[in-house]
Amino acid sequence: MNWLSQIISITRFGLMSLPQRRGAAATTFIGIAGVVVVLVGVLSMSAGFTRAMSVSSSPDTAIVLRSGADSEMVSGFSREQTQIIADSPEVARAGQGALSSAELFVIIDLPKRSTGMDANVPLRGVEPAALQVRDHLKIIRGRMFEWGKDEVIVGSGAAREFTGLEVGSSIKVGRYQWPVVGMFSANGAVCESEIWSDAKVLQAAYHRGDSFQSVLARLTTPGVFQTFKDSLTSNPQLNVKVSRQSEYYAEQSETMTRLIRTLGFSVASLMAIGAVFAALNTMYSAVAARTREIATLRAMGFGGAAVVVSLMIESLLLALAGGAAGGALAYFAFNDFHTSTMNFQSFSQVAFAFRVTPRLLLEGMIWAAAIGLIGGLLPAVRAARLPIAAALREL
Amino acid sequence: MKYFHLIWCNLKRKKARTALTLLSVLVAFVLFGFLCSIKQALTGGVQMAGADRLIVRDKVSIIQLLPQSYKARMERIPGVVLATHQTWFGGVYQDPKNFFMQCPVEPEEFLEIHPELILPPDQKKAWLQTRTGAAVGRKTAERFHWKIGDKVPIRSTIWAQAGDNRVWDFDIVGIYDGKEKGTDTTALLFRYDYFDEARVGGKGQVGWYTIRVKDPALAAETAKLVDKEFENSDSETKTEPEGAFVQAWVSQIGNIQLIVVSILGAVFFTILLVTANTMSQAVRERTGELGVLKAIGFTNAQVVGIVLVESCLISIIGGGLGLGLAWMVVSRGDPTGGLLPLFFFPARDLVIGVVLCVTLGVAAAAFPALQALRLRVSDALRRM
């Protein structure tokens, strides 16, 4: 009998006797499933957050802030400065003018549905080009606000996470009531967490004079970004920081992503260590229960290596089954789960959906396999090393 | 105690198994300690909030500034003892990743309203005499190795001095400590008069106010009076107890309690399963022996006791080591670099941990103990 068929027959034997070791096998299975659920669950939070922050930032849009500002919130421009930026030759043009939107970014306190407590909901004042500068932005309910009027439209994420943002209701800004006239979506992008109004209207309500905080511009081609950046940063009338939209949002999400991933990985690693012990226990008891059987096989001429390999395969299969169950559970429990959190950098809420991506599921399976292999190795080696004569005599 | 030897021998019978079970319990409790500390770090501020303090902010949102002139008007409101203000400075020291809070304050009023911050009298005096002086919390001072007499440059992302200069130099004149373990000592406090004179733009505007009320029981009424005072002005206010303010702040991140409890739930369910399974396996193997014990006169209670003690011993040793390890790891400090200023392992959770150890031990042994209890001597002996 060759080596491979030896492995196959011992593995079959082992798997068939699994029902007799239900308790121990279930422990490993559940232990590993638990690790995968926690790992995939936590990382899907980070994946969803990152996606919201990165999706739909097209390579040809650039965001301009005051130099030294780390977010829109603390940036500031006068109207003249935003005009200089809009007049750059690299900015794309359409019918009525430059595709550049000077914007105001403030927050407004609104209660969050999940906790009932006030949260910093972003409120953005935009110029007419805002809708063309962003991709995939469309009004899905109601209508666009009228320019110059005290009206707002809300992102679908904001409407879902915070109370009082249904189309037809109104929000209180200082002493004014602003009706919500429409709702927009943007393919899950971060602006779905925002409320939008006319920048001029917002300037007045927030006592901002004729100032803005950022300029979002669509460039003629992605390639001219460097020229655009160089000409603005060297302009003595300006003191600005120019980033691609994608870079800006990557920077904005860094702290949060790092926090979630650090905590997620530390919790999952600890759990994985626990699961390794569970797997070791299971396989040790499997070996102990089959001491005689294994010794008999060895006496019949099965090789030690074949015993080791087949026991490891058994452990691996058990672990993978646990991993798959955990992955499936995580998928059904977490995928597309909507929530919102505070983004420290922008000081405001970001609504996002958990995303259990194929990559995360694969990562979970790799963890499960690793736990299974580590948990199977020592017991397998012990099984192969048992002195045959003594083992045969055992109970 | 006289059966201790017997229990000890039982534990030694399968050393590998005992060790592995012990280690999985240990891991569960390290995780417990770690998660409790994270929760403490995120929600601890609520417990530390002063019952006699109110926070007043702009009604629209906290980023809107309030006039500095509100101070005098607040102090005239009945029930208000003292009002003082702070402003978000948004400063960066060396690297944006080195996050900590800086605030311009009115030194005397601020220290009076926050008795949990302890600044030695001579340092306080020095602060009042040094316009550019700053008092920094112990934690931040240690983090950046600042000493009294150091000059630290901090770049504000918000506030500029003349000539668009955003780098502010502060002289460290004092280092304050917290009265309790949970007191946040990460903020750098500097003088409002210096700040207001040097800044370009926003002069006479402050971020938010802290008020001390005469009677904490009347805090809610006083808060209403404050908001009424500024109603229909350009800057309407929203006043709430400090605890509620901090609570709302924490809730902005999400429902932390729920996340922590569900992860812990998953972990404990798993570990309980592992331990319980191992324990019942260990008892099952010894059915015959338990029968012998009963046959030679051990009572049911004694046999059950032996099984229970064996299980509890594993969970208490494992859990105790785990809690100890967690405590050691957590005392090394915040793993995120400044985002969690209140990261420590609270004593209350340590006690809960110990209780959980015992519960785990009893729960894991419950089924096998029941088996041992029901065991009939004749059946058991036949299985030998």
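At what angle do helix α8 of chain A and helix α2 of chain B pack, and how far apart are their axes? In this predicted model, the angle is about 165° and the axes lie 9 Å apart. Angles over 145 degrees count as roughly antiparallel, so α8(A) and α2(B) are roughly antiparallel to each other. The crossing of α8(A) past α2(B) is left-handed.

Both helices bring a set of residues to this contact. From α8(A) come, among them, A:Leu263, A:Val267, A:Leu270, A:Ile273, A:Gly274, A:Phe277 and A:Tyr284. From α2(B) come residues including B:Arg17, B:Leu20, B:Val27, B:Leu31, B:Phe34 and B:Ile38. The contact residues of the two helices comprise 18 nonpolar, 5 polar and 1 charged.

Now take the whole contact between the chains. Chain A puts in 49 residues and chain B puts in 46. On the chain B side, α2, α9 (242-251) and α10 (256-285) each supply at least two residues. The most comes from α2(B), with 12 residues. By type, the side of chain B that touches chain A holds 23 nonpolar, 17 polar and 6 charged residues.

Turn next to one residue of chain B. B:Ala372 sits in helix α13 of chain B, residues 347-374. Is B:Ala372 buried or exposed? B:Ala372 counts as buried because it has 24 C-beta neighbours inside 10 Å. Beyond its neighbours within four places in sequence, B:Ala372 is in contact with B:Val283, B:Leu290, B:Val303, B:Val304 and B:Val307. B:Val304 is 68 residues from B:Ala372 along the chain, yet their C-alpha atoms are separated by 6.3 Å.

Methods. Residues numbered from 1 in each chain as written. Chains lettered and ligands numbered in written order. Predicted model: local features only at pLDDT ≥ 70, side-chain atom pairs only at ≥ 80, totals over all residues. Axes fitted to C-alpha atoms, helices over the stretch in contact; angles between N-to-C directions. Helix = DSSP H or I, 4+ residues; strand = E, 2+ residues; numbered from the N terminus. Parallel < 35°, antiparallel > 145°, perpendicular 65-115°, else oblique. Left-handed = near helix turned anticlockwise from the far one by under 90°. Contact = placed C-beta atoms within 7 Å. Nonpolar A, V, L, I, M, F, W, Y, C, P; charged D, E, K, R; others polar. Buried ≥ 20, exposed ≤ 12 C-beta atoms within 10 Å, placed from the backbone.
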